[in-house]
Amino acid sequence: MSLKAWLLVIFAIAPFVASAQVDEALEQMVAETESDDQAAAWADWLTEIHENRINLNDTATLNALPLLSPFQVKALKNYISLYGQLLSHKELRFIPGFDSTLVALLENLTVVEPFSPPQRLRLADGRNTVIAGMGGTLEQAAGYRDGRYDGDALHSQLIYSYNLNNRISLRLVAEKDPTEPWGKGNFYSYHLMLNDIGRLERLIVGRYNLQFGQGLTLWTGLHPFNLLGATPQRFGRGVRPSSTFYEDGYQEGLAATMRLAKVWHLSAFASKTHGTRLLGGHLEYRNGNLIAGLTAVNTALDDSIAPANRVYNQDYFRGNRLTNLGVDATWQWRRLTLYGEIAMCDSGATAAIGGARLTLNDRNSLGISYRNYSQHYHNLNAQPYAIGDGRNERGWTLDAKTRLPLNIDAMLSIDLHCFPSLRYGSYHPSSGAWIRSQLSRRLGHGTTATLRYAYRQKDRNIPYSTASTYEHEETLRQQLQATLHHEHGHWMFDTKAALAGFESNSSGIQRGWAVIQQARFTYRLLRATAGASLFNVDGYYTRIYLNESYLQYNFTMPSYYGQGIRAFLIIQCDLGKNLAIAGKYAITHYFDRTSVDSGAAETEGPNRQTAYLQLRWKF
């Protein structure tokens, strides 16, 4: 890594408002994975939690918050047991393990209210919610005009959910994507879940996810948030319901977790979906400050995986059966946390990750981790922290946050990694660096300013090379982003500006910039949000993602690429205590083209318009 990169590092912070931290995580997720599916699923979950806030004094429901580690849940329960129920979120700062970032998130996603357990559960006391939505792109794409698409351009969703004190929940979901015909190939999902009933910690029938340890042996569904300044530690939540519209990685069948004794817990699961059968279990020991687990899972496929022989995939998995075993542990001593997991596949290849975090107080912490994933380690249901796909990778991370003079809060995350063998897009052993940093300061009541910098260096094959052998080159991408957040009375304003640059020998130097202004007005039963952005981006490699307001289950994060202007308007109105309607309209106008997209998705003209309408009924 060049000296220039180190000199450009700017420390970063935990934002004072939860929305800024969530925006950063969603933008990062989309930018790094080049897919908004994971970010959309997280956005849906965050919105759902926000609208159905968990009471922190109801300690039986705390496990429903993936933001909390098992030790934080235990610390909160102990605090309530010793001192009584919380009176406000401010008390969280006195509990070990709760820093300013986490408290800000919890203030936005939970409530603190007096709680008394119900004498008995009555189905009639449950909360029913129905959400229906429909919308799509207003311009007709080429695929609809010439018959290449079987269906219409509508994106339609229908959700029914029932929740009884977070002890019993039922969810039914149906979704039709654009280009799909009605009823054929649409997405359908369901689950019935029982929580905290006697020795039964959780039972799910239907679609679910499995999340254990650090994700090396078994982790399906949502990737965890890897927030800026936070050590990439996974908090395995065990058996969880599948995300509402996340169509990748879910399991379908039966899964349960039981308390065998005071310190022993057993999870077992059986699943069959899309020609894949999953069978296994997880035995966990929880005692004091130690959590340790043993995971075993067998994956059987109806059809063998037999990828075509390519230069980069000689070590890829081939076959129709795979067994994985893993051991994970997390130990906390005062302000120090140690964690790790070692996993093995049936070929004998291994993968391991471990780390430590020292939390001095709510403003100062330091973390370090190391990972070593063999190029021969195979797992079809793993999502460990990784830059690549969880194999053929070694790397170090360093994460820190502190308070600087002038009340400036700072955060820094550094990841240095290498790929010892070939991988897709890089047919040589390669290496890279990923640095993120940010400064933030409260300027006054309701106003916060942040400055964020990201540096990404990685190796790749030279694209479109005419050489007889694959040539290698180093690429460098940098982005600087400033945000100003202000709230006053009924108004909220967000201003963001970003500069991006990309350079490599083959592509030369590309530059880009984008600015976005959002304003929200809330008055009684009405909320209106409007935004406009202007962008000028040279090429695909400098595309910029800036999160804009969205409706529940209709997450959008536009990719700013080319030259143009974008505007959107969201109107949300409560039509009574239990009925609400919301709509969003957005238009992007490009200055540098006469059509948008290409192939079957191409639309004529320089504009791309979308509209979406949503109805929510609670009873």
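This is a predicted model: local features need pLDDT of at least 70, side-chain atom pairs count only at pLDDT 80 or more; totals for chains, interfaces and linings use all residues.

Author: Arginine 167 has a relative accessible area of 14%. Buried means under 20%, so arginine 167 counts as buried. Where does arginine 167 sit? It is found in the loop between strand E4 (154–164) and strand E5 (168–176). Leave aside residues up to four places away in sequence, and arginine 167 touches Asp58, Ala60, Thr61, Leu121, Met193, Leu194, Asn195 and Asp196.

Now compare a glycine. Glycine 531 lies in strand E24, residues 526–537. Its relative accessible area is 8%, so glycine 531 is buried. Glycine 531 touches Gln517, Gln518, Arg566, Ala567 and Phe568, again not counting residues up to four places away in sequence. Phenylalanine 493 is 38 residues apart from glycine 531 along the chain. The C-alpha atoms of these two are separated by 9.7 Å.

H4 covers residues 70–83, 14 residues in total. From first C-alpha to last, H4 reaches 20 Å, close to the 20 Å expected at 1.5 Å a residue. Buried in H4 are Phe71, Gln72, Val73, Ala75, Leu76, Tyr79 and Ile80. An α-helix has 3.6 residues a turn, so residues three or four places apart point the same way. What do the buried residues of H4 pack against? Their partners are helix H5 (100–109), strand E12 (290–305) and strand E13 (319–333). Just after H4 comes glycine 84, with a positive phi of about 90°.

Technical notes
Residues are numbered from 1 along each chain as its sequence is written. Side-chain values use heavy atoms; hydrogens and water are left out. Helices (H or I, at least four residues) and strands (E, at least two) are DSSP runs, numbered from the N terminus. The expected span of a helix is 1.5 Å times one less than its number of residues. Buried means under 20% relative accessible area, exposed over 50%, partly exposed in between (1.4 Å probe, protein chains only). Contact means heavy atoms within 4.5 Å.
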